[in-house]
Amino acid sequence: MSHRHSYGSTGNQSLLLPESQFSSVFQLDQPSGRSSSSIDLSRVDSPENEQRTVVLSTQSEAARSQGARQLIPKNLAVSSRPKNRHHTTVVTLPVSLQATDLSWEDYDSDLGDGFSLRRNRRNKSYRAAVTSLNLDALPSELQTEMLTPVSEEKPVNQKQAQKSGRKKTLGRIRNRKQAGSFKDEPRFYQEIKERGLNASSLSTEDDEFSPTEPPEDQGIVVKNFRAAYMTWSQLQQVKDLGILDTISPEERKRQEAIFEIITSEYSYLHSLSILVTHFKDSADLKKTMTTTEHHHLFSNISVIQDVSKRFFEDLDRRHQKHPVIKDISDIVNKYATQHFEPYIVYCSNETFQQRTLQKLQSNNNAFRETLKRIEGSEACGGLPMISFLILPMQRITRLPLLLDTICQKTPKETAEYFAACWAFKAISKLVKCCNDGARRMERTEQMYTIQKQMEFGKIKPFPLVSSSRWLKKSGELAVYTDDLSIFRKAISIKSYYLFLFNDVLIVTKKKSEESYVVLDYATVDKVEVEEEMTESKLNLKLRMSPSSEQMILVAESRLDRARWVTALHNVKKSDSIANDGLPQYEATKAYMPKAPDELSLQQAELVIVLQEVEGWCHGERMRDGERGWFPANCATQITNRTAMENNIQRMERLRKETDV
């Protein structure tokens, strides 16, 4: 007790105590000749054996003898704990604590006047006390009053244990494979978005290829975007060889862009295999349709799969030679000029494909049920078949953007730069051929159908079908006349059905669902249109020629009137727009047009919006200048000014290479 007396005599003169002196303060007296496993617990709790009371530390005998200023664990002085913890009742047991058991590592410096024990020291002391107690050696009457040790680990249910077990298993598999191959976990191409699609990837930021959070779920077919596998810098071989320490940041970004084409091609090939295996080659699905319908639906998708497989194998062989890939532009140029012709055939069949799918889903119950069962399978990931059918269009339109990223990250005036530019030009021209092929087939078939429905009667007929003519918009508009009384307006409704082509406007009267009587027609350069800019009226003034009588047509809504006015103005003049200041939108899901004046969109495609009316946007597709209307909920606005400027620069490069 000499140590305790000496400590008490020092009072509050010094808070920096030697380790031996501080240890003796907390040393518990142990009865001589008895071990810790055979202690009479009735003497431990309080001096009075019959009455067990809880005494606060500030009111204990030690507090009265040592004063109010004592050394206590810091965490006991906190009024409230920031985290919820499991409550554990601690029974103080007289376990011997030698002076050498405490070290300066077990103390925590305090902002106050002294020291405090760390929480891990208290936990170790408690565990030592519990484990050193021999419960079997205690009398039976004391065993019932003893507290059993409680596990400090948070209990988990069986589902959580299984879930955590799966994660650990995946982690072990990933570590065993050295995180090296992007082929370990193939992803659907519909669920990824290449970083090279963003014009912001052309910036000089060092973290542009770091993983990004997916956008908010907007209830679309593909609910989020994920990066295409790992980045080049994350490859285990790159880390082991220390390549990142030997190359420049610019070369690292170039390697990332090259590697992304390889990984995204593998994801695209994986989704194509699902389309061919589970949809095209499904015997049950084939039984629900005719051979012609099956051909219109899947076209030459098997040929495209074979081409994509060879393309990826050539890219992968280049990647396997060395982690630092010198170039892949020669491979892209070779396939764009010699092997990617099947894409033109497939894109040209898009019109028949959409019409066949809509017909089967509307009129064929067996097809709907079989298709729903296949789409719900685990192998298809719950994705609809249409998301697989549009994959070739998505991939071929994204390749120019990815090649453009490589061009911008390759040092100028080098062999690799010129090779990347040639590949960029070749793939851009291929995309233009695909777009032209799709438009040509759609327009030609549409013109033949409309000509069969036209009845000129007393009006002089003219040949409607022409390779340079296509439909821009069609629809029904009511006719407004002032001479009708209010009663006659209520019971008599007169309407015209208009067909607007790129060079002529035809006014007809609808005879039946597939028959129209021509009333008048005129070339678009003679047509005059005027919109009454009032919210209460939806009138549209139309004059077929300067000498003809003016017609006042009434639209059903502000959107319908805006679409007609836009179509009539655009056919007369299609001047280039001033891109500065106009909002830009990025498509969050694919949109298939349902009318001639609507714009088709692929995921991640960029559009310059010219106007927005009642939840619809009229815009210009940046990659090819095509204009049309699309639902506003299919895209999100881009607000980053730097990204918008980079988009304009990329648009100019793309249109220059495709002669748009």
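Two strands are taken to pair if DSSP finds at least two bridges between them. Helices (H or I, at least four residues) and strands (E, at least two) are DSSP runs, numbered from the N terminus. The structure is a predicted model, in which local features need pLDDT of at least 70 and side-chain atom pairs count only at pLDDT 80 or more, while totals for chains, interfaces and linings use all residues. Residues are numbered from 1 along each chain as its sequence is written, and side-chain values use heavy atoms, with hydrogens and water left out.

The chain contains 21 helices and 15 strands. Of its 660 residues, 42% count as buried; buried means under 20% relative accessible area, exposed over 50%, and partly exposed in between (1.4 Å probe, protein chains only). Contact means heavy atoms within 4.5 Å. Among the contacts in the chain with a separation of 6 or more, 67% are between residues 24 or more positions apart.

An open sheet is formed by eight strands in the order 3-7-6-5-4-10-9-8, with mixed pairing. Strand 3 (454-455) and strand 8 (528-531) stand at the edges with a single partner strand each, so one side of each is left without a neighbour in the sheet. Within this order, strand 5 (residues 495-501) and strand 6 run antiparallel and are joined by four bridges. A hairpin of two residues connects strand 5 to strand 6, and Leu500 stands opposite Leu505 in strand 6. Strand 6 (residues 504-512) also runs antiparallel to strand 7 (residues 515-523), to which eight bridges join it. Here too a hairpin makes the link, passing from strand 6 to strand 7 through two residues. Val507 has Asp520 in strand 7 as its bridge partner, and Thr508 stands opposite Val518 in strand 7. In a regular strand the side chains alternate between the two faces of the sheet.

Seven cavities of 30 Å³ or more are present in the structure. On a 1 Å grid over the protein atoms alone, a cavity is a set of points where a 1.4 Å probe fits but cannot get out, and lining residues have an atom within 4 Å of a point. Grid points are joined across faces, edges and corners, and a volume is the space filled by probe spheres set on the points. The largest cavity has a volume of about 120 Å³. Its lining consists of Leu197, Leu401, Ala604, Glu605, Leu606, Met622, Arg623, Asn647, Arg650, Met651 and Leu654. The most is given to this lining by helix 21 (residues 641-657), with four residues. By class, seven residues of the lining are nonpolar, one is polar and three are charged. In this classification Ala, Val, Leu, Ile, Met, Phe, Trp, Tyr, Cys and Pro count as nonpolar, Asp, Glu, Lys and Arg as charged, and the others, Gly among them, as polar.

Leu197, one of the residues lining the largest cavity, is also touched by Arg398. Arg398 belongs to helix 17 (residues 391-409) and counts as buried, at 3% relative accessibility. Not counting residues up to four places away in sequence, Arg398 touches Tyr189, Ile192, Glu194, Leu197 and Gln603. The side chain of Arg398 reaches the backbone oxygen of Gln603 at 3.5 Å. This is a polar contact, that is, a pair of N or O atoms within 3.5 Å; within protein, one must be able to donate a hydrogen and the other to accept it, and residues adjacent in sequence count only if both atoms are side-chain atoms. Gln602 is located in the loop between strand 11 (584-587) and strand 12 (606-613) and is buried at 9% relative accessibility. With residues up to four places away in sequence not counted, Gln602 touches Ile390, Met393, Gln394, Thr397, Ala587 and Ala590.

Two further residues were examined. Leu269 is part of helix 8 (residues 249-280) and is buried, with a relative accessible area of 14%. Apart from neighbours within four places in sequence, Leu269 is in contact with Gln305, Ser308, Lys309 and Phe312. Phe311 lies 42 residues from Leu269 along the chain, with 9.8 Å between the C-alpha atoms of the two. A polar atom of the His322 side chain lies 3.0 Å from the backbone nitrogen of Val324. The C-alpha atoms of His322 and Gln237 are separated by 9.5 Å, the two residues being 85 residues apart along the chain.

Note on methods: On a 1 Å grid over the protein atoms alone, a cavity is a set of points where a 1.4 Å probe fits but cannot get out, and a pocket is an open set with protein on both sides within 12 Å along at least five of seven lines; lining residues have an atom within 4 Å of a point.
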